Amino acid sequence: MSDSEPDAPQSPEERRDRVMQIVLERGTISAREIADVFGVSVMTAHRDLDALARTGVVRRFHGGVSAQPGASFGANITFRERSRLTEKAEIAALAATFVEPGMSVLIEDSTTAFAVAEALVGIAPLTVITNFPRVVEVFADLDEIELLVLGGTYSRSHDAYLGLACIDALESVHADIHFSSTSGITANRAYQPDPTVVLLMRAMVAAAERSVLVLDHTKIGRTAVHSVGPLTMFDDVITDSGADPEKVRALREQHPNVQLSGENR
């Protein structure tokens, strides 16, 4: 597991976040592996596993945990909001350069798109359209920001409004630009595990003049059960500087508008 060794000593929360990331990437991890990689006791490793199992993203087995079916791409909001923070900040900084005062901006409920919302603070006036209460909180007290909230069926695991009512609401709006994320992409297609999210993403793309897919480099080359559609349904794809050059090259052969944070545009 040399590729999963921690970069520096970590707090219990940081260690558990890293263990969770390993599980989502590999599918399983044992208490002994945690002890060896992070330099903690097996007893401490078991406490970590018990804490992770309570999130519902992993399930316990004797000596370790494995990802729940679909968890590799459907981790709940509590975990997702704490993962890949550096990468999301890089992506958001680049995405914010696509937005100009006066635009209408559609932001969906991924934590990467939420990072974009935070990066837009200071750009005004804007009309912000979203199904994500956390995005509303970012802009609620800001002058010159008009907020349109898409209603629907509330999902606790997403902390967002989804479903038919949300999709119907999208038919009455139009955005200059749309930011969303997905669970995985190949050179040809984008993927999600949840069919409800797939339908919503398609409706958001249809409601926007320009659609931008934002996702960290670990999602490149991954798939899930459902195809959102061809990668070219998004006008631009933004990922972070940690992306493998060969994977980026393969993506650009099919989609020339793949952007890397930190790269000259």
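Select Glu 144, which counts as exposed at 56% relative accessibility (exposed means over 50% relative accessible area, buried under 20% and partly exposed in between, with a 1.4 Å probe and protein chains only). This is a predicted model, where local features need pLDDT of at least 70, side-chain atom pairs count only at pLDDT 80 or more, and totals for chains, interfaces and linings use all residues. Residues are numbered from 1 along each chain as its sequence is written, and side-chain values use heavy atoms, with hydrogens and water left out.

Glu 144 sits in the loop between helix 8 (133-139) and strand 6 (145-149); helices (H or I, at least four residues) and strands (E, at least two) are DSSP runs numbered from the N terminus. Its phi is positive, near 65°. Most residues other than glycine have a negative phi.

Next, select Asp 159, in the loop between strand 7 (153-155) and strand 8 (160-162). Its phi is also positive, about 50°, but Asp 159 is buried, with a relative accessible area of 13%.

**Stop two: a cis bond**

Now pick Pro 125, in the loop between helix 7 and strand 5 (126-130). The peptide bond reaching Pro 125 from Ala 124 is cis, with omega near 0°.

**Stop three: a helix pair**

Finally, show helix 6 (residues 85-96) and helix 7 (residues 111-119), whose axes lie 8 Å apart at an angle of about 55° (axes are lines fitted to C-alpha atoms, for helices over the stretch in contact, and angles run from 0 to 180 degrees between N-to-C directions).
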